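Me: I am new to this structure and would like to go through it in short questions. Please show it first.

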Amino acid sequence: MRAMTIPEPGGPEALVWAEVPDPEPGPGEVVVDVRASAVNRADLLQRQGFYPPPPGAPAYPGLECSGVVGAVGAGVTGWEVGQEVCALLAGGGYAQRVAVPAGQLLPVPAGVDLVDAAALPEVACTVWSNVVRLARLGRGETLLVHGGGSGIGTFAIQFGAALGATVVVTARAAKHERLRELGAAHTVDYREQDFVEEVRRVTDGRGADVILDIMGASYLARNVAALADGGRLVVIGMQGGRKAELDLSALLAKRASVAATALRSRPLDDKAEIVRGVREQVWPLVESGVVRPVVDRRLPMTDAAQAHRLVESSDHLGKVLLTLG
Ligand SMILES: NC(=O)c1ccc[n+]([C@@H]2O[C@H](COP(=O)([O-])OP(=O)(O)OC[C@H]3O[C@@H](n4cnc5c(N)ncnc54)[C@H](OP(=O)(O)O)[C@@H]3O)[C@@H](O)[C@H]2O)c1
């Protein structure tokens with residue numbers, strides 16, 4: 001088969017579509033014939049040599065895919081050759097075929113196109129596991145989503161609103177109108193406005209109950225300041241750096257908490273539990289049309305370098321898909 005190799009880490013031109021050995025389904029695994037994958041921010045880091053795949057994962061980038069089951073390994077039940085699926089991957093989505101632990105497969109939600117289904121597994125699993133399972137966002141609470149125009153953000157807006165939360169987002173101004181259409185109640189231009197002030201203003205001074213943060217160090221102090229009493233800050237990205245000072249007295253006074261999580265490196269049984277949770281609690285919202293994949297554009301897999309340039313520029317809104325066949 002062919003897959004996107006990275007012979008030498010570097011810029012987008014480091015991606016080389018090359019002949020590689022076919023994957024075989026190990027026990028408990030399924031091989032998916034890939035129809036589409038999606039670009040995640042982490043793929044840019046992997047291409048630059050900063051985010052190697054976890055042990056046992058395919059060497060190629062690609063944290064999610066959609067496609068058709070091509071082979072089923074020993075001990076797998078519930079999945080059949082020919083079935084349309086999408087999958088959460090630890091890597092290997094930028095390829096014609098990928099072996100996946102069966103616990104990370106999801107059916108393509110009814111009403112979603114097979115290609116667009118590649119836009120869902122990573123964002124659904126990340127947002128559900130952090131916002132619901134960990135931070136327990138409740139109806140009537142306020143959710144602050146940083147980077148509302150990202151793949152993660154566009155999903156979190158729709159999902160948070162569907163759960164009955166008031167969603168506030170930070171994003172560049174050009175993306176605000178579309179983000180309000182997706183369900184954001186308030187948009188903050190982080191380049192011009194102070195999000196702490198804005199969150200306080202729209203919550204009558206209370207602050208955000210849950211913050212889904214992708215910036216890390218550069219936002220830590222301001223995120224803590226923007227939290228409501230009993231608030232939960234969940235850091236899932238470090239686009240603004242990894243090291244910062246935390247004033248614990250600010251957390252103590254608010255009885256607030258800070259957590260940080262990564263999806264890719266979780267044990268397989270934990271990923272399977274997250275995928276089960278997504279299938280039970282998120283897929284019905286997708287199938288009823290309340291939450292939809294937000295696709296900026298589709299590009300052929302062989303144009304992955306162009307897709308990486310686009311995502312690097314952040315000019316996209318939602319997900320950039322890479323298609324095959
Ligand atoms: N921990 C995990 O398990 C996990 C899983 C998936 C993703 N992530 C992380 O989640 C983040 C989003 O991933 P993605 O693939 O969806 O990314 P993406 O589509 O490439 O989006 C990145 C976003 O960052 C925004 N941004 C840049 N500077 C900002 C600032 N100062 N304030 C607010 N937003 C800012 C950009 O918004 P503008 O265009 O508005 O500037 C852009 O929408 C990444 O950091 C990724 O590593 C973590």
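Reply: H176 is found in helix α4 (residues 176–182), where helices (H or I, at least four residues) and strands (E, at least two) are DSSP runs numbered from the N terminus. This is a predicted model, in which local features need pLDDT of at least 70 and side-chain atom pairs count only at pLDDT 80 or more, while totals for chains, interfaces and linings use all residues. Residues are numbered from 1 along each chain as its sequence is written, and side-chain values use heavy atoms, with hydrogens and water left out.

Me: Is H176 buried or exposed?
Reply: Buried means under 20% relative accessible area, exposed over 50%, and partly exposed in between (1.4 Å probe, protein chains only). H176 has a relative accessible area of 9%, so this residue is buried.

Me: Which side chain does H176 join in a polar contact?
Reply: A polar contact is a pair of N or O atoms within 3.5 Å; within protein, one must be able to donate a hydrogen and the other to accept it, and residues adjacent in sequence count only if both atoms are side-chain atoms. Contact in general means heavy atoms within 4.5 Å. Not counting residues up to four places away in sequence, H176 touches A171, T187, V188 and D189. The polar contact of H176, at 3.3 Å, is with the side chain of T187.

Me: Where does the ligand lie relative to the domains?
Reply: The domain assignment, automatic or from a database, gives domain 1 (2–120 + 264–323) and domain 2 (124–260). Both domains give residues to the shell around the ligand, so the ligand lies between them.

Me: How many residues surround the ligand?
Reply: A residue is counted as near if one of its heavy atoms lies within 4 Å of the molecule. The closest are R41, K175, Y190, Y219 and Q239, and the number surrounding the ligand is 26.

Me: How far apart are the C-alpha atoms of V30 and V72?
Reply: V30 is in strand β3 (residues 29–38), and at 0% relative accessibility V30 counts as buried. V30 and V72 are 42 residues apart along the chain, yet their C-alpha atoms are separated by 4.6 Å.
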